[in-house]
Amino acid sequence: MTAQPSEYHRRVAAQKRTSIIEAATKLFLDSGYDGTSLARIAEAAGVSRATLFKQFTTKAALFEAIVTEYWRVDDEEAPLPEPGNLRAGLETIGRRYAALLTQPGMAALFRIVIAEVPRFPELGEAQFALGKMPYFESVRRYLEAENAAGTARLDDAETAATQFLGMISNYVFWPRMLLARWEPDDTAVTNAVDQAVLTMLARYGTPGTHGA
């Protein structure tokens with residue numbers, strides 16, 4: 001019978017995984033994806049090569065783990081809002097999305113992909129398939145549920161989700177790709193989300209969904 005790892009060993013393994021992901025993100029950004037070896041990542045993370053290879057057998061697998069980690073949303077701690085109150089649901093989703101995009105490291109992840117995708121298109125595919133798309137799909141499903149509940153009126157949930165997330169990211173995130181000092185404060189971010197919600201309510205809300 002194989003012994004199960006103790007809570008202590010699971011915690012240590014998780015800490016090492018975090019160290020590896022953080023070190024890899026920094027090295028990919030500083031030296032490029034192609035110019036960064038797994039050996040350098042292990043050294044920067046303070047782990048042995050054997051430990052790194054045990055968790056990530058290839059550089060591609062490590063990059064996929066980085067994408068998944070940065071886009072991860074705990075469904076138990078942060079489930080999608082229940083349909084029935086479009087305004088409250090959009091406010092919740094919008095604030096979570098803004099927090100996700102402004103977390104430390106997210107801008108660096110996008111910069112890595114943008115810089116390397118001409119030579120390594122698989123990085124862009126991983127970012128889209130493992131990160132952006134699953135999150136987008138969760139928002140699309142929420143809007144479809146609101147439509148089914150009669151609290152939203154829309155023909156195309158995909159378009160509506162694109163519009164909503166785009167209004168938020170175009171203010172809180174994309175300027176960071178060009179402006180190193182773009183750091184809107186919490187009030188400005190909240191206002192951007194609130195304005196996006198109001199726009200969605202005006203376009204897709206049914207009577208009674210526009211109130212506070």
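Author: Let's begin with Asn147, which sits in helix H7, a helix covering residues 121-149. This is a predicted model, and in it Asn147 has a relative accessible area of 30%. Leaving out residues up to four places away in sequence, Asn147 touches Ala152, Arg153 and Leu154. Thr206 is 59 residues away from Asn147 along the chain, and their C-alpha atoms are 9.4 Å apart.

H4 itself runs over residues 59-70, and its twelve residues reach 17 Å from first C-alpha to last, close to the 16 Å expected. Its buried residues are Lys59, Leu62, Phe63, Ala65, Ile66, Val67 and Tyr70.

Beyond its neighbours within four places in sequence, Phe63 contacts Phe28, Tyr33, Leu109, Ile112, Val113, Leu123 and Ala126. In the largest nonpolar core, which has 61 residues, Phe63 is one of those touching the most other members, together with Ile41, Leu62, Trp71, Leu143 and Phe164. H1, H2, H4, H5, H6, H7, helix H8 (157-172) and helix H9 (186-204) each give two or more residues to this core. H9 supplies the largest share, eight residues.

One annotation to finish: an unreviewed UniProt entry lists residues 37-56 as "DNA-binding region". That stretch is 75% helix and 0% strand, with its end C-alpha atoms 12 Å apart.

How values were computed: Residues are numbered from 1 along each chain as its sequence is written. This is a predicted model: local features need pLDDT of at least 70, side-chain atom pairs count only at pLDDT 80 or more; totals for chains, interfaces and linings use all residues. Side-chain values use heavy atoms; hydrogens and water are left out. Helices (H or I, at least four residues) and strands (E, at least two) are DSSP runs, numbered from the N terminus. Buried means under 20% relative accessible area, exposed over 50%, partly exposed in between (1.4 Å probe, protein chains only). Contact means heavy atoms within 4.5 Å. UniProt positions are given in the numbering used here, feature names are shortened, and annotations may be inferred rather than shown by experiment. The expected span of a helix is 1.5 Å times one less than its number of residues. A nonpolar core is a set of buried Ala, Val, Leu, Ile, Met, Phe, Trp, Tyr and Cys residues joined through side-chain atoms within 4.5 Å.
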